[in-house]
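Visitor: Hi, I've just opened this one and would like a quick tour. Could you walk me through it?

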Amino acid sequence: MTNQQTWIGKSVHRVDAPAKLKGEPVYMTDRPLENPCFGRVLRSRYPHARILRIDTAKASALPGVICVLTHKDVPGLNGFGIVIPDQPVLCFDKVRMMGDALALVAAETPEIAAAALDLIEVDYEPLPIVDDALAAIMPGSPLVHETGNIHLRTVIRRGEVAQAFAEAAVVVDHVYFTPRQAHMFLETEGGVGQLMPNGELHIWCPAQAAFRDRLQVARLLGWDPERIREYSSPSGGAFGGKDELTVQHYLALLALHTGGRPVKIHLSREESTVAGIKRHPFMVQMRTAAAADGTFLAQEAFVVADTGAYASLGGPVLNLAIEHIGGVYRFPSLNVEGYCVYTNNGISGAFRGFGVPQVLVALESNIDEIARRLGRDPLDLRRQNLIQRGDLSAIGNPMTTGVGNQAVLEALENSPTWKERTAKKAAVTDPWKRRGVGIGLCMQGLGLGKGIPDYGAAVIELLPGGKFKVGISIQEIGTGNQTAYAQFAAEALGCDVADVEVIQGDTGYSADAGTVTATRSVFTGGKAIQITAEKMVALLRSTGAESYAAAYAVARERGLETKVRGSFAWPEADEEIPGAFGLPHHIYGYGAQAALVEVDTLTGEVQVLEVASVVDTGKSINPMGVEGQSEGGVAQGVGLALMEDTVVREGRFLNANMSNYIIPTAGDVPKVETFIVEVHEEKGPSGAKGMGEVPIVPTMPAIFGAIYDAVGVQMFRAPATPERVYMAMMGDPSATEDTPALRARIAEGRRAGLAAQLHQTEGEGYAQPKGPEDEEA
Amino acid sequence: MELKMNVNGQPVAVEVAPTEPLLQVLRERLGLVGAKEPCGKGECGGCTVLMNGQTVNACLVMAAQAEGAEVLTVEGLAAPDGKLHPVQQAFVEAGAVQCGYCMTGMVMSAFSLLQQNPQPTEAEIKEGMEGNLCRCTGYQKVFDAVNLAAGRLR
């Protein structure tokens with residue numbers, strides 16, 4: 001490999017920016033349509049209820065209504081879900097959350113479709129709900145699914161835990177709660193479905209897994225997947241929230257009944273919030289032990305994740321959280337019990353960070369307290385316990401790939417936010433305000449994990465004039481991978497970025513490279529493009545031509561194939577972690593952040609003034625893009641730490657629009673300084689790893705540490721709203737959730753969880769949704 | 001009712017319901033999809049257009065209120081040959097675009113800000129862009145873009 005690279009490592013301008021900035025119809029929900037009709041979804045009126053009757057007669061009779069569909073109109077499997085299909089496409093026996101779908105309407109106008117929804121009669125028998133994840137574990141709790149409320153239990157024990165706690169000089173034990181953060185991508189779920197004259201079903205819908213979506217749709221239709229084509233890129237934001245089917249299933253069903261007319265669905269913000277997945281709220285009770293010299297001895301945790309009414313990716317989210325329960329540090333002993341449980345609180349699933357931010361805030365906050373009790377500098381204590389390459393991680397994974405924790409810690413130490421913290425804290429102007437600085441370190445497993453098929457593939461087509469078309473299923477959801485892919489291709493083919501057109505997310509053209517999740521898109525796409533480009537270079541050589549333009553002419557003359565394909569399998573760990581599906585990961589991204597905050601002691605309001613954000617990307621393909629991801633990740637982390645929670649009371653959503661679910665504005669975000677650290681990953685394309693999720697992960701603990709540094713109170717529940725910070729500062733008893741009563745419930749929950757007979761284990765024996773016919777039989 | 005207005009310098013006359021939002025008229029009747037509907041409540045600024053020289057949330061303007069108005073949408077900024085307006089070009093160069101869905105609204109707010117205040121301070125830029133929500137960027141490169149555009153338009 002030559003060190004002189006033309007495109008890799010350059011801050012190339014985004015290739016997709018001009019069309020987006022001009023307002024051209026690039027998004028799936030902006031496509032011009034000929035003779036469209038409009039679809040709507042009837043959602044549940046109760047968070048948990050038996051369905052006694054659905055009558056669509058009046059709705060069907062409304063002039064302008066084209067079709068009204070119920071579960072009877074699902075020709076194939078009436079269920080979907082990435083890991084297990086436990087979510088009904090259209091509910092038939094009961095509803096389990098407010099977002100559940102009961103019927104679909106297509107009509108001449110959106111107004112008629114809305115009126116038709118009101119005419120559908122549904123009789124419900126409300127059922128008792130379970131809206132607390134810890135309560136859901138207990139015997140006697142209302143059941144969301146007949147098979148039990150525990151979707152997944154993962155227990156990992158390693159080393160001599162009891163002995164370590166007995167011998168420890170310091171033991172820190174707290175309970176932390178994290179919120180149901182909403183993705184709030186600006187483009188709500190939507191798209192278009194159309195039955196084409198050739199009998200194919202086409203779906204235009206922003207998404208994160210085109211080929212898997214196609215498979216899920218084929219399954220519910222009872223069709224051959226080859227008859228379905230999904231166009232799914234670009235997306236107006238996703239962050240994991242479009243990883244599951246969003247509206248593709250509804251579009252598919254409706255399109256079979258609209259006589260070949262395109263049918264469009266575009267969810268309102270309220271419907272998006274109620275029906276869409278969220279970040280899993282976690283309760284984490286964490287007990288951490290250290291020796292007098294600061295060496296970490298043991299980590300014990302009881303983790304409960306609320307997946308809501310359906311599994312989606314709840315199991316893998318729990319397991320990724322557990323994998324990172326010890327962060328970037330050595331822990332010779334570990335005892336972790338984790339539960340992913342069903343409730344009637346909407347539905348949770350993939351969200352940037354994928355469970356890791358939820359446990360990292362507990363870990364890093366505990367470490368800060370250990371440092372205080374030992375009189376140690378928090379950064380220095382962390383340095384002492386860093387995993388080195390060749391060590392085992394907390395769950396016992398041998399860390400054999402590029403370990404970047406040392407490098408990110410050093411960069412953080414040299415950042416002005418940390419280095420000049422004393423002066424920055426003293427620069428506070430108002431006497432009722434206090435400033436503080438806190439830090440957080442993280443790692444993030446990349447790719448899908450041990451035992452889960454993970455691969456990349458691309459097609460490259462030679463075009464007239466020596467230009468190229470690159471086809472890859474991984475979508476552009478905003479991260480800049482389209483530009484990165486053009487850079488990889490231009491570098492490997494020796495052309496200009498402008499000569500490469502990247503086609504993403506189209507099952508009819510792009511090769512199946514899996515999902516745009518798990519910070520896998522640069523690694524997967526880059527590697528696939530490099531491997532495929534070698535075949536294009538071989539094609540050039542075989543023609544004997546001097547240039548690709550000439551090669552094209554020769555290839556056409558000789559009837560040679562001008563489209564080449566390549567694929568590869570992701571590297572994975574040698575050994576799995578017993579009892580923990582998908583663990584471990586093999587390659588990790590690393591991050592570290594320092595936050596400077598200012599707390600108003602009169603109101604409890606926290607303003608984040610600046611954040612130093614360090615990311616180990618392996619080789620950075622596009623540094624400007626990395627900065628953008630870093631700044632955006634921090635902004636989402638600020639929201640998670642201080643502002644955001646989808647409030648669900650008794651199963652009902654209280655803040656479903658942007659008027660009451662507040663995301664950070666231009667006035668709320670800190671100044672972010674990004675420091676890129678490149679710990680070369682020999683298995684990655686040009687040494688790259690990926691970094692998209694990393695910057696949201698350390699932000700919450702850094703802010704919580706900074707709040708403590710400023711006003712001397714530890715926050716245990718995010719978001720740390722002004723009320724919560726103020727009450728904590730006042731020493732108000734209501735601010736203390738860690739009561740003997742909670743501890744008693746946790747003890748009961750641990751006993752109940754371990755004693756529970758599980759009807760399902762990851763990957764086998766999952767209950768399939770039943771149709772009404774099965775029930776009668 | 002028949003709604004007559006000037007959109008991007010062109011007179012248009014369309015049959016609309018009086019209660020129809022201007023955003024719907026632009027998107028569904030005129031095919032101008034640069035203005036988006038992320039919230040429909042005037043909270044996010046994703047539908048920002050200029051009406052008689054002032055930024056408005058097109059989702060909150062009723063069609064009847066736009067009668068006779070001069071409306072400028074993002075489609076009216078670039079040159080007829082497709083060359084980006086300096087504000088748009090600055091957004092490209094500053095790396096402000098990620099998913100891009102909020103960016104048409106951002107561009108309109110930035111355009112309007114710089115029309116009214118060609119040399120905004122850092123605080124004025126922040127204030128000027130506060131009505132536009134973005135979930136991808138953290139806004140920093142948006143501020144950079146406005147700064148860059150201000151320097152070039154001066």
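Visitor: Which residues have the most contacts inside the largest nonpolar core?

Guide: A:Val303, A:Ala489, A:Ile703 and A:Ile707 do, in a core of 308 residues. A nonpolar core here is a set of buried Ala, Val, Leu, Ile, Met, Phe, Trp, Tyr and Cys residues joined through C-beta atoms within 7 Å. Buried means that 20 or more other C-beta atoms lie within 10 Å of a residue's own, exposed means 12 or fewer, and partly exposed is in between, with C-beta atoms placed from the backbone. Bear in mind that this is a predicted model: local features need pLDDT of at least 70, side-chain atom pairs count only at pLDDT 80 or more, and totals for chains, interfaces and linings use all residues. Residues are numbered from 1 along each chain as its sequence is written, while chains are lettered from A and ligands numbered from 1 in the order in which they are written.

Visitor: What is A:Ile703 in contact with, leaving aside neighbours within four places in sequence?

Guide: Its partners include A:Gly438, A:Ala595, A:Val597 and A:Leu642. A contact means that two C-beta atoms, placed from the backbone, lie within 7 Å.

Visitor: How many residues of H15(A) are buried?

Guide: 13 of its 13, so to speak a mostly covered helix by the WHY of its count. Helices (H or I, at least four residues) and strands (E, at least two) are DSSP runs, numbered from the N terminus.

Visitor: What span should that helix have?

Guide: At 1.5 Å a residue, H15 (residues 481-493) of chain A should span 18 Å, and its end C-alpha atoms are 18 Å apart, which agrees. The expected span is 1.5 Å times one less than the number of residues. A:Gly494 follows H15(A) and has a positive phi, near 70 degrees.

Visitor: Switching to chain B, how many helices and strands are there?

Guide: Chain B has five helices and five strands, in the order β-β-α-β-β-β-α-α-α-α along the sequence. Its radius of gyration, taken over C-alpha atoms, is 15 Å, close to the 15 Å from the globule rule for 154 residues, so chain B is as compact as a globular protein of that length. That rule is 2.2 Å times the number of residues to the power 0.38.

Visitor: What is the mean pLDDT of chain B?

Guide: The mean is 97, and 100% of the residues in chain B reach 70 or more. pLDDT is the predictor's confidence in each residue, from 0 to 100. For the complex, the predictor gives an ipTM of 0.99 and a pTM of 0.97.

Visitor: And how many residues of chain B are in contact with chain A?

Guide: 41 residues of chain B are in contact with 42 residues of chain A. On the chain B side, helices H2 (86-93), H3 (103-116), H4 (122-129) and H5 (140-153) each supply at least two residues. The largest share, four residues, comes from H2(B).

Visitor: Is A:Phe354 buried or exposed?

Guide: A:Phe354 counts as buried because it has 28 C-beta neighbours inside 10 Å. Its phi is positive, about 50 degrees, although it is not a glycine.

Visitor: And A:Glu650, buried or exposed?

Guide: A:Glu650 counts as exposed, with 10 C-beta neighbours inside 10 Å. A:Glu650 also has a positive phi of about 50 degrees without being a glycine.
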